Amino acid sequence: MKLTESLQLALKNIVSSKVRTLLTMLGIIIGVAAVIVIVGLGNGLETYVTDSFASMGTNTLTVSVMSRGSTRSLDAEDMYEIVAENNQFLDLCSPTVPMMGYVKIGSETVSTTSSTGVSEDYLEIAGMTVASGRGLQYSDMITRSKVCVIGAYLNQAYFGGNGVGQTLRVGGQSLEVVGVLAQKGDTLEEGGSDDCLYLPYTTAERISGAASSYTVTMRDENYIDESIASLEASLYKIFASDDYYTVTSMAEMLETMTSMINILVGVLAGIAAISLVVGGIGIMNIMLVSVTERTREIGVRKSLGAKERYIMQQFVIEAATTSALGGIIGILIGDGLSAVATAVISQISEEALTVTPTLGAVLLAFGISVGIGILFGYLPAKKAARLNPIDALHYD
Amino acid sequence: MNPLIEFQQVCKYYPMGDSTVVAADHITFQIFQGEFVAIVGSSGSGKSTCMNIIGCLDVPSEGTYLLNGQDVGQMNKNQLAEVRNRFLGFIFQQYNLLPKLNLVENVEIPLMYAGVSKKERRERARKALEDVGLGDKWRHRPMELSGGQQQRVSIARALVGHPAVILADEPTGALDSRTGREVLGMLQDLHSQGHTVVLITHDNSIAVQAQRIIRLEDGQVIYDGPSDAPGAVVSPQIMGAERRARP
């Protein structure tokens, strides 16, 4: 007796009791669907985080300087020197001076815009391009020009797309808009990545005080540790202590975030997988009932020459088929739910997070459901195969 | 000619609590190719045990059962399954057709376990159904048929693998007398075509349709001879008493 024939027999039995089979499969369906959605969500989250980090540049290091009260201090000049000293590892440098005050355009106050004082290299470091007008220039830094470049959102929402040449105020300082940045996010939104403003750090330092954090780019992302070490060594020389500064790498932060997401997804998927085990036990339960119900059939088959392994094969394949069918339905439902989840997330949070089930997760879910069918079908099948044909024939 | 079925001092014991029930007590007989034998006895006489052993569903506790010269007592479960498949065709009182399968699928089961290809076994199963007069109903389910028709399907199933022995266990037990006679007629036809038929029954009027009767009582053979002999259908108690009186 061939496997394909056992499979046909199994399908015949499954089709002949649809409701029961569906209820039997329910645990597997829910488990597989849940695993797929959760893994898909994790993937989407990871892609989202990676993308947002990538837009900031994973080859950047952030230097934060604490305790300005110390006699030993570091200003932008020193930082540029340090970067120049370590130019085998480090490339570009920009101070970042966060502005406290709100942006005022005419009589309107825009509270969501993040305004930052930066150097002429910052746009390149952050991977931004100018859509119209010009970017910040070295001369702006030296002359402390009262100019700024603005994000696409501000340009669109407050200047009707013609921001270049207009003026606005930040922290009481009037600035001329000299450039508009190209759109970064998928949509222009308040508080989003296009709701921003950059001015020369020298101008910003006059309003908000000296720079305390710097963004530095590495020449080669493969030498993160060396880059950090050389930077820290130079900083140590100045401060003679490592309490006053920290160097963080975007790549390391991304790695930390990703591993945290993976752990979270792993735990959630594990919880969802419990449902698979429960589903497997459900299958075993129904198969045991089925063996009892079909005792006479087993007796007849044995009397007609079925060997134990054929009976065994028939029941194991039936369990595995039921389970695999549940797995397939679960995969379809999981894919459907992923699409629904993507739509719902974009509705609620306006963030573009795509729940993407991976092929790996789908195959794994299918494999596990077949495996569970075989595992939990084994015991009932063994029971069926061991039945004494005489007793089985006279069973009512 | 070697016997097809040979019982040599076959005993069967069943443990029943602390004691042991002797279901077959040194039974010895031979059945040859082409015979039509009825094994008769009241309930508890050991005829079911006999039928289980002949049918290779059970093995003797003691003694030897040779089927076609092979010692069944020495076989393992798989070998027994193979012997059932190749040498024996069962006809049951309750027909024992599988309700979810249609007639041709029911009939082809023995061929499936024999490893016959799907195409060939379909053809042979259809042919076997035609032989019992149900060729046009092969798509039906057993429940759509009358009892007599179902028993004919089970005869087709018994014959499809060309077994050496047809083993019929109370084949008329669930049928009315008219259809019962029909089924008996079919068994007689099979016999006249050269098949070896072993009929197990408690009913003397059925047993006399066979060519030879083996009568059992309390696990022992008390009569073994032609069905038309004067002693064949005499009340077993009297027969038993007579035989025991002359050891």
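A: **The open sheet of chain B**

In this predicted model, four strands of chain B make up an open sheet, and their order across it is β2-β1-β4-β5, with antiparallel pairing. Start at the two edges, which are held by β2 (19-31) and β5 (70-71) of chain B. Each of these strands has a single partner strand, so one side of each has no neighbour in the sheet.

Strand β1 (residues 5-16) of chain B is joined to β2(B) by nine bridges, and the two run antiparallel. To find your place in this pairing, look for E6(B): across from it, in β2(B), stands Q30(B).

How far can you trust what you see here? Chain B has a mean pLDDT of 89, and 94% of its residues reach 70 or more. One stretch to treat with care is residues 239-247 of chain B, where the pLDDT is below 50. Beyond near neighbours in sequence, that stretch has seven contacts in the model. Where pLDDT is low, predicted coordinates should not be read in detail.

Finally, chain B has a partner. For the complex, the predictor gives an ipTM of 0.89 and a pTM of 0.73. The contact draws 20 residues from chain B and 18 residues from chain A. On the chain A side, α1 (3-16), α10 (295-303), α11 (308-349) and α13 (389-393) each supply at least two residues. By type, the chain A side that touches chain B divides into seven nonpolar, three polar and eight charged residues.

Key: Residues numbered from 1 in each chain as written. Chains lettered and ligands numbered in written order. Predicted model: local features only at pLDDT ≥ 70, side-chain atom pairs only at ≥ 80, totals over all residues. Contact = placed C-beta atoms within 7 Å. Nonpolar A, V, L, I, M, F, W, Y, C, P; charged D, E, K, R; others polar. pLDDT = per-residue confidence, 0-100. Pairing = 2+ DSSP bridges.
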